[in-house]
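Subject: Structure handover

Hello,

My notes on it follow below.

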Amino acid sequence: AQNLITIKQTKGQRMIKITDLQKNYGKKKAPLQVLRGITIDLPDTGLIAVCGESGCGKTTLLNCIGGTDSSIGEIIIDGEHIEKISGKTGFIVIKF
């Protein structure tokens, strides 16, 4: 079965724009492609749910958006590239 991430979102102004996001782990000769070609616009209001099976890349996606993990592609938050806003983003992990 193919691992898929499903993102459910509400309508609103765009706060986060992700274009062709890719993330690989491992050796250069045989990398493990975790994220492949993710393109999405996330609104500035409402609720966003990132859903998927264990190991499909949900945490990796959030780490890339939060700036704690490197990636290939473009992430823009409030009109600025993620590289330019380092230190202004982050997230809190809550364990239930």
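K17 is partly exposed, with a relative accessibility of 27% (buried means under 20% relative accessible area, exposed over 50%, partly exposed in between; 1.4 Å probe, protein chains only).

Before going on, the ground rules. This is a predicted model, in which local features need pLDDT of at least 70, side-chain atom pairs count only at pLDDT 80 or more, and totals for chains, interfaces and linings use all residues. Residues are numbered from 1 along each chain as its sequence is written, and side-chain values use heavy atoms, with hydrogens and water left out.

Salt bridges

The structure has two salt bridges (a side-chain nitrogen of Lys or Arg within 4 Å of a carboxyl oxygen of Asp or Glu). K17 pairs with D41, and their closest N and O atoms are 3.8 Å apart. K17 sits in strand β2 and D41 in strand β3, so this pair ties together parts 24 residues apart in sequence. D41 is partly exposed, at 33% relative accessible area.

D69 pairs with K23, with the closest N and O atoms 3.1 Å apart. D69 is in the loop between α1 and β5 and K23 is in strand β2, so this bridge ties together parts 46 residues apart in sequence. Are D69 and K23 buried or exposed? Both are buried.

Overall fold

Helices (H or I, at least four residues) and strands (E, at least two) are DSSP runs, numbered from the N terminus. The order from the N terminus is β-β-β-β-α-β-β. Of the 96 residues, 24% count as buried. The accessible surface is about 7100 Å², and 53% of that belongs to carbon and sulfur atoms (Shrake-Rupley method, 1.4 Å probe; for residues, only the protein chains shown count as cover).

Contacts next (heavy atoms within 4.5 Å). Among those with a separation of 6 or more, 62% come from residues 24 or more positions apart.

The sheet

Four strands form an open sheet in the order β3-β2-β5-β6, with antiparallel pairing. Two strands pair if DSSP finds at least two bridges between them. β3 and β6 (80-81) are the edge strands, each pairing on one side only. Eight bridges join β2 (residues 14-25) to β3. K23 has L35 in β3 as its bridge partner. Helix α1 (residues 58-66) packs on the sheet and touches β2, β3 and β5 (72-77); its direction makes about 120° with that of β2. Axes here are lines fitted to C-alpha atoms, for helices over the stretch in contact, and angles run from 0 to 180 degrees between N-to-C directions.

The core

The largest nonpolar core has 13 residues, of which I18, L21, I38 and L61 touch the most other members. Such a core is a set of buried Ala, Val, Leu, Ile, Met, Phe, Trp, Tyr and Cys residues joined through side-chain atoms within 4.5 Å. β2, β3, α1 and β5 each give two or more residues to this core. β3 gives the most, with four.

Single residues

Q33 is in β3 (residues 32-43). Leaving aside neighbours within four places in sequence, Q33 contacts Q22, K23 and N24. The C-alpha atoms of Q33 and Q22 are 7.6 Å apart.

Two residues other than glycine have positive phi. D20 has phi near 50° and lies in strand β2. D78 has phi of about 50° and lies in the loop between β5 and β6. D78 counts as exposed because its relative accessibility is 56%.

Best wishes
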